[in-house]
2 protein chains.
Amino acid sequence: MSYSNRLEKRGSNFASAWLRLGYFVLIFPLTVSAQTLADRLGYPPGTKLIIVHADDLGETHAVNAPVIKTLEAGSVNSASLMVPCPWFPEIADYAKSHPDADFGLHLTVTSERVYYRWGPVAPADKVPSLVDKNGYFHHDWENNQHINPKEVEIELRAQIERALVMGIRPTHLDSHQYRLIMNGKELFEVMVRVAHEYKLPVFVTRDWFADHPYLQQSLGPDDIVLDHTVTIGPEVPAEKWAEFYVSALRDLKPGVTEFVIHPGFDDQELRAATRERPTWGSAWRQRDLDFFTSNQFREILAQLNIKLITWRELAKMTERK
Amino acid sequence: MSYSNRLEKRGSNFASAWLRLGYFVLIFPLTVSAQTLADRLGYPPGTKLIIVHADDLGETHAVNAPVIKTLEAGSVNSASLMVPCPWFPEIADYAKSHPDADFGLHLTVTSERVYYRWGPVAPADKVPSLVDKNGYFHHDWENNQHINPKEVEIELRAQIERALVMGIRPTHLDSHQYRLIMNGKELFEVMVRVAHEYKLPVFVTRDWFADHPYLQQSLGPDDIVLDHTVTIGPEVPAEKWAEFYVSALRDLKPGVTEFVIHPGFDDQELRAATRERPTWGSAWRQRDLDFFTSNQFREILAQLNIKLITWRELAKMTERK
C-alpha cells in the first residue's frame with residue numbers, strides 16, 4: 001500500500017475511533033506528562049496556545065498568494081516553504097522583504113502530484129535513491145523503497161543552503177508529508193542532525209511519541225517539543241469542515257498546539273495541479289482558507305481565550321530559559 | 001545590455017524600419033533563391049504554406065490548457081515542449097496519448113522569469129556554466145557570459161532523453177529564446193549534432209542566414225530549412241495585434257513560413273509568473289490565443305488559399321525525396 005493511501009486509511013480508522021469516542025480532534029495524550037511546553041515556558045497553568053501554520057508555500061502560486069494575505073491579516077501566523085518547488089522564488093522574495101514573518105522550511109523529498117512535478121535541489125546524481133527514472137522526486141515511497149539517509153542529508157543541506165543564499169532566515173524545519181518523521185529513526189536522525197547544525201527547531205509533538213518512540217530518543221533536552229497537533233483528514237466531509245475545526249478549538253488541551261493547515265485558492269492552476277485525487281486538493285485548500293479567514297475563527301479564539309504563538313517566539317523563549 | 005533587452009531593442013529598431021518601408025511582416029529574403037522549400041517538396045510554384053506553432057508548452061498550466069484546445073480545434077497545428085519546466089508532465093501525458101500531435105522539444109537553457117523558475121534536467125554539477133548561484137538556469141546571459149558548449153550538449157541530451165522516457169516522440173527541435181540559434185556557431189553546432197543523432201529537424205529559416213552565416217554553414221544538404229518566420233514583437237501595440245497578423249498573412253511570401261506564437265490564458269497563474277515585464281506576458285499570450293482562435297484567422301486562410309503544414313509532414317516529404 002502506498003504511503004498516501006496508508007495515511008488516508010489511517011485517517012479513516014481514526015475517524016471511526018473518534019466517532020466512537022465522540023471526539024473530533026487529533027489529540028493523543030499518550031505520554032502522561034503534567035508539564036506542557038507552555039508550562040515550561042512560564043505561562044500560567046492551563047494556558048492554551050496555538051500556531052496556525054500553513055504548509056506547502058512555494059508549491060504553487062495558488063498557495064503563495066492567499067497565504068501571504070492571511071499572514072498579513074494575522075489569521076495564519078506561521079508557514080513553511082518548499083525549496084525545490086518552482087514557485088519558491090516568489091515566496092523567497094516575499095520572505096526576504098518580510099524578515100519578521102515566521103517562515104520555516106518544509107523539507108521536501110517527494111513530488112506527490114502527477115501532472116506537475118519537481119526534483120531535488122542537490123545534483124540528481126548525488127541523490128539517486130530519491131529520484132524516479134524521469135529525475136523527479138518519487139511520487140510515493142513503496143514499502144520496500146530504499147531511501148539512502150546519506151543522500152537525504154545531502155538534499156536537506158542543499159535545500160537549506162539555497163534558502164539561505166536566497167535571503168531567507170528560517171525559524172523552524174518541518175517535513176513535507178511527514179516523510180522524515182514517520183519513516184524510522186535513521187531519517188529522523190538526519191533531520192535532527194541538520195537542524196542542530198543550523199540551530200533550528202524541528203516540528204515534533206508529544207502526540208507522536210507512543211507510535212514512534214525513536215522521535216523522543218533522538219531529541220536532546222534542549223529541543224522544543226510541541227504538545228499537540230491538529231490536522232484535518234480525508235474522513236471529514238466538506239460540509240463538516242468548520243465543525244471539525246470548531247470542535248478542535250473547543251476541545252483544545254492546555255499547552256502549545258500546531259494547527260497544520262493547507263490554505264490555497266480553488267482556481268485553475270491548483271485544480272489542474274491536484275486533479276488526480278481530491279485529498280489535499282484545490283477544494284480542500286479553499287475550505288481551509290475559508291475557515292481560517294472567517295469571523296467565526298477569530299471569534300472563537302477570543303471566546304475561548306486561545307492565544308497565538310509563533311516558532312520565532314518559541315525559540316526566543318526557549319533560549320532565555 | 002541583457003539578451004532580452006537587446007531583443008526588445010532590436011524589435012523596436014525593426015519597427016521603425018517597417019514603418020519606413022510600409023511593411024509589418026518579419027520577412028527578410030536576404031538570400032536570393034528562386035526555389036523555396038515548398039518548391040523542393042513538389043508543390044506548385046507560388047504555394048504558401050504555414051506552420052502555426054505554439055511555443056513554451058510545459059512552462060505553465062495556463063499555456064498547456066489553451067494550446068491543447070487550439071490543437072484539437074485545428075487553429076494551431078504544431079507546438080514545442082519545455083522539458084525542464086514543472087508542467088512538462090502534464091503535456092507529456094497528453095503527447096503520449098496523442099501520438100499524432102506535432103510536438104517538438106523547445107530546448108531550454110535559460111529560466112527567464114523572476115518569481116517562477118526552473119533548472120537543468122542534467123545534474124547541476126555537470127552543467128555549472130548553465131546555472132546561477134541558486135541552481136536555476138541563468139535568468140539571462142550577459143555579454144561576457146561563459147557558456148560551455150560541452151555542458152549545453154549534456155543538457156540537450158538530458159532533455160531529449162527525459163522526453164523519450166516519458167513517452168514523447170518529438171517531430172522537431174527548436175530553441176527557447178533562440179539561445180542556441182543566435183549565440184554563435186559553437187552552440188548551434190551542438191544543437192545540430194544532437195538533432196542529427198536523434199534524426200530530428202531543427203527549426204531554422206533562410207531569413208536568418210544573412211545575419212548568422214554559420215547557420216547555413218553548419219547544416220547539411222539534407223537538413224530542412226524553412227523559408228520564413230513571422231513572430232510578433234514588443235513594438236506592436238495591443239490594439240494592433242490582429243492587424244499585424246492579418247498584414248503578415250496578406251503579405252506572405254511563397255514557401256513554408258512558421259508563425260511562432262505564444263498562446264496562453266491571461267489568468268492568475270500566468271499573470272503572477274510573468275508579472276515583472278509585459279513582453280511575452282499573460283496579456284500578450286491571451287492576445288495571441290484570441291487571434292489564432294478567431295473566425296477572422298480561419299477566414300483569411302481560406303480567402304488567401306494558405307495551407308497548413310506540420311513538421312511531421314515536412315519530415316515525411318523530405319524523406320521521400
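What do the side chains of Asp125(B) and Lys126(A) meet in? They meet in a salt bridge, at 2.5 Å from N to O, where a salt bridge is a side-chain nitrogen of Lys or Arg within 4 Å of a carboxyl oxygen of Asp or Glu. This is a predicted model, where local features need pLDDT of at least 70, side-chain atom pairs count only at pLDDT 80 or more, and totals for chains, interfaces and linings use all residues. Residues are numbered from 1 along each chain as its sequence is written, chains are lettered from A in the order in which they are written, and side-chain values use heavy atoms, with hydrogens and water left out.

**How the copies are arranged**

**Where they touch**
- Contact (heavy atoms within 4.5 Å) links 30 residues of chain B with 30 residues of chain A.
- The copies meet through the same surface, because 100% of the interface residues of chain B are also interface residues in chain A.
- About 2500 Å² is buried between the chains, 56% of it from carbon and sulfur atoms; buried area is the accessible area (1.4 Å probe) lost on being put together, summed over both parts.
- Trp87(B), Tyr115(B) and Tyr136(B) lose the most area in chain B, together 21% of what that side buries.

**Charges at the interface**
- The rule finds 4 salt bridges across the interface of chain B and chain A.

Key. Buried area is the accessible area (1.4 Å probe) that two parts lose on being put together, summed over both.
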